[in-house]
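Tutor: Take the words used for this model one by one. For each, ask what value stands behind it.

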Amino acid sequence: QAASTLYEVATDAEYLREAFEDAQGLEVLGDESEYGLTITTVNGLVADFNVDSAYWSIMVNGEYGQYGADSQVVADGDAFQLIYTVYTE
């Protein structure tokens, strides 16, 4: 059974990564790359693609996100989800 936690965030952030920082109780960690933050850990839960083909996907208003946390624009009323995902062929 998947656990889910809802965070309602009032933020002036332009990008999603900044909004994560404004969400009380939400901890998002990752690795920096030329493409920005690659999310590896959310609230202590690690997704390691090299271990079990798992990664954190970003959903934007119910659709699969096309951008990373550093380039995903935040607008009033947007709903974002971080989903622990296991890649299967």
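Student: Which residue of strand 2 stands opposite Asp31?

Tutor: Thr38 does. Before we go on: this is a predicted model, where local features need pLDDT of at least 70 and side-chain atom pairs count only at pLDDT 80 or more, while totals for chains, interfaces and linings use all residues. Residues are numbered from 1 along each chain as its sequence is written, and side-chain values use heavy atoms, without hydrogens and water.

Student: What makes strand 1 and strand 2 a pair?

Tutor: Count the bridges. Two strands pair if DSSP finds at least two bridges between them. Strand 1 and strand 2 have six, in the antiparallel sense, so they pass the test. A strand here is a DSSP run (E, at least two residues), and a helix is one of H or I with at least four, each numbered from the N terminus. Two residues lie between strand 1 and strand 2 in their hairpin.

Student: How do you know that strand 2 and strand 3 pair?

Tutor: They have two bridges. The rule asks for at least two, so they qualify. This pairing is antiparallel too. Val42 stands opposite Leu45 in strand 3.

Student: What holds strands of a sheet to each other?

Tutor: Strands of a sheet pair through backbone hydrogen bonds, parallel or antiparallel.

Student: Why is strand 2 described as largely enclosed?

Tutor: Six of its seven residues are buried, so the rest of the structure largely encloses strand 2. Buried means under 20% relative accessible area; exposed means over 50%; partly exposed lies in between (1.4 Å probe, protein chains only).

Student: Why does Asn43 count as partly exposed?

Tutor: Asn43 has 38% relative accessibility. That value falls between 20% and 50%, so the label is partly exposed. Asn43 lies in the loop between strand 2 and strand 3. In the turn of that hairpin, Asn43 has a positive phi of about 50°.

Student: What makes Asn43 and Glu27 a polar contact?

Tutor: The backbone nitrogen of Glu27 lies 2.7 Å from a polar atom of the Asn43 side chain. The limit is a pair of N or O atoms within 3.5 Å; within protein, one must be able to donate a hydrogen and the other to accept it, and sequence neighbours count only if both atoms are side-chain atoms. Asn43 is also in contact (heavy atoms within 4.5 Å) with Tyr7, Gly25 and Leu26, among others, leaving aside neighbours within four places in sequence.

Student: Why is Ser57 called buried?

Tutor: Ser57 has 4% relative accessibility. That is under 20%, so Ser57 counts as buried. Ser57 sits in strand 4. Its side chain joins that of Thr85 in a polar contact of 2.8 Å.

Student: Is Thr85 buried or exposed?

Tutor: Thr85 has a relative accessible area of 19%, under the 20% limit, so it is buried. Thr85 is found in strand 6. Its side chain has a polar atom 3.0 Å from the backbone oxygen of Ile83.

Student: What makes a space a pocket, and how much space lies in the largest one?

Tutor: A pocket is an open set of points on a 1 Å grid over the protein atoms alone, where a 1.4 Å probe fits, with protein on both sides within 12 Å along at least five of seven lines; lining residues have an atom within 4 Å of a point. The largest pocket holds about 1000 Å³. Its lining has 31 residues, with Thr5, Tyr7, Phe80, Gln81 and Leu82 nearest the centre. Strand 6 gives the most, five residues.

Student: How does that lining divide by residue type?

Tutor: It has 22 nonpolar, six polar and three charged residues. Ala, Val, Leu, Ile, Met, Phe, Trp, Tyr, Cys and Pro count as nonpolar, Asp, Glu, Lys and Arg as charged, and the others, Gly among them, as polar.

Student: What is the volume of the second largest pocket?

Tutor: About 340 Å³. Strand 4 gives the largest share of its lining, five residues.

Conventions: Points joined across faces, edges and corners; volume = space filled by probe spheres on them.
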